[in-house]
Amino acid sequence: MSSAFENPRRDFGGDIIEPGAADYESASRSMLVSGSPAFVLRPDSVADVQAGVRFAVGTGLVLSVRGGGHGFAGFATNDGGVVLDLGKLASVEIIDKERHLVRIGGGATWGQVADALAPHGLAISAGDTRSVGVGGLTLTGGIGWKVRKYGLALDNVVAAEVVTAGGDLRRASATENPELFWALRGGGGNFGIVTAFEFVAHPTKDVFFGTITFPASEAATVLQGWADHLRTAPEELTSIAELANPFTGGPDAPVEIQVAFDGDDPELAAQALDPIRRLGTVIGDDVALKPYADVLVDFGPPPPGIQLVTRSAFVDTAPVPEVLRILAEVGASQSPPKISVRSVGGAVSRLPGDATAYAHRQAELMFVTTTIGPPPVIEAARPTLEAIWARLAPHVSGAYANFLATATEEDVAAIYPPHTYQRLAAVKRQYDSGNLFSRNHNIRPL
């Protein structure tokens, strides 16, 4: 044990992993990025989180906070600093059955949450991957399989307990530290470490879930028809369109329309899904009734040496046809990136743009390009990718922080419009004037 940690060690009751330890290699990396931190701390309690924060402040070491560790930009690890891994703070507890109020530890994953709530007939609108952390996803958005009916994950948060840069524990809600509560819902990990969330869950039945597949040659018409249908479809329907999957053919890959209809009535589901089936030549259709917890997928780390570079943007209603036309052309081009287009709107758009720090309420679509491969492939694809985004730039806006592999000033400006950023910077000054929590899409103190 290093002498530098002897005093804080008296206050820290969790695991301390340093270089050379048997489990250091796995503990030092996040899901997608390798790191070499000086310490990985795994707190057992909120008091341990407070001790870890004070240690980072006292030593001046860079601090990373890890929930699920899925962030594409690699914020959940670092070189030479401290990583606070919240994985042990993963309890899921129903604290008010009548209100469906659920308390969730800041280190829980959405798979753990879904499994814990399923026996009670409850769910929370979240992401689409079991191992993604509740904290990382929620603090920057949460666009999942029930987003059009129940909104973003952060729209269902009613309170949070936060360890701030001073090591203090604060509660944030509509009535307690309300400006901090506003900032947490969209401002990422800039303001402290959320050790517990309180969500309002919703009753859930089984959902009709699966993929309706069309030939690559029909991408243009299928995408346009899909977007037109989602504009008027019942909010129980949420959908993702994917094309140019490199693992199923790249430019020749089929167009996959993934669907989730929130309800177990087959007639209502058919009314929502059959218009999609009529968009083209269906070559695959595995939509079936499933428990909601079963629709979340497992996603492990990529093979050694393989990188994933993601970039995202939002599309308002007017430019949707032009954006989808460009994406269809890109998908059919030589060596295209993987393209995913997600429907939003619905419950997301019913809140004002300044209701939370997530500001992109009026977008109809959010799309992501993903380049996959070893570093030489990634580098060789960069000019083509830049050209694609240059074509799209006049028609799109913003960025979704959960699908960004970079954290430039341009990225931060895309995530947070000027008014939102200025308000966040004021909150940052109040709760983290020294910018301890900088491993994120960083808001600098005003």
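Guide: Here come some questions and answers on this predicted model.

Visitor: How far does α10 reach from its first C-alpha to its last?

Guide: Helix α10 covers residues 320–331, so to speak a run of 12 residues. At 1.5 Å a residue you'd expect 16 Å, and the model comes close to that. From first C-alpha to last, α10 reaches 16 Å.

Visitor: Which residues of α10 are buried?

Guide: Buried here means under 20% relative accessible area. What covers the residues that pass includes the helices α8 and α11, along with the strands β13, β17, β18 and β19. The buried ones are Val 320, Val 323, Leu 324, Ile 326, Leu 327, Ala 328, Val 330 and Gly 331.

Visitor: Are α8 and α10 roughly parallel or roughly antiparallel?

Guide: Two packed helices are described by the angle between their axes and the distance between the axes. For α8 and α10, the axes come within 9 Å and cross at roughly 150 degrees. Angles over 145 degrees count as roughly antiparallel. The pair α8 and α10 is therefore roughly antiparallel.

Visitor: How many nonpolar, polar and charged residues make up the contact of α8 with α10?

Guide: On the α8 side you have Ala 219, Ala 220, Leu 223, Gln 224, Ala 227 and Arg 231. They meet Val 320, Pro 321, Leu 324, Arg 325 and Ala 328 in α10. Sorted by class, that contact has 8 nonpolar, 1 polar and 2 charged residues.

Visitor: And which hand does the crossing of α10 with α11 have, left or right?

Guide: These two helices pack at about 160 degrees, with their axes 10 Å apart. That angle makes α10 roughly antiparallel to α11. As for the hand of the crossing, α10 passes α11 right-handed.

Visitor: Is Ser 335 buried or exposed?

Guide: Ser 335 sits in the loop between α10 and β18. Its phi is positive, about 50 degrees, although Ser 335 is not a glycine. The cut-off for exposed is over 50% relative accessible area. With 58%, Ser 335 is exposed.

Visitor: What is the phi of Asn 435?

Guide: Asn 435 lies in the segment after α13. This residue is something other than glycine, yet its phi is positive. The value is near 55 degrees.

How values were computed: Residues numbered from 1 in each chain as written. Predicted model: local features only at pLDDT ≥ 70, side-chain atom pairs only at ≥ 80, totals over all residues. Heavy atoms only, no water. Helix = DSSP H or I, 4+ residues; strand = E, 2+ residues; numbered from the N terminus. Expected span 1.5 Å × (residues − 1). Buried < 20%, exposed > 50% of the residue type's maximum accessible area, 1.4 Å probe, protein only. Contact = heavy atoms within 4.5 Å. Axes fitted to C-alpha atoms, helices over the stretch in contact; angles between N-to-C directions. Parallel < 35°, antiparallel > 145°, perpendicular 65-115°, else oblique. Nonpolar A, V, L, I, M, F, W, Y, C, P; charged D, E, K, R; others polar. Left-handed = near helix turned anticlockwise from the far one by under 90°.
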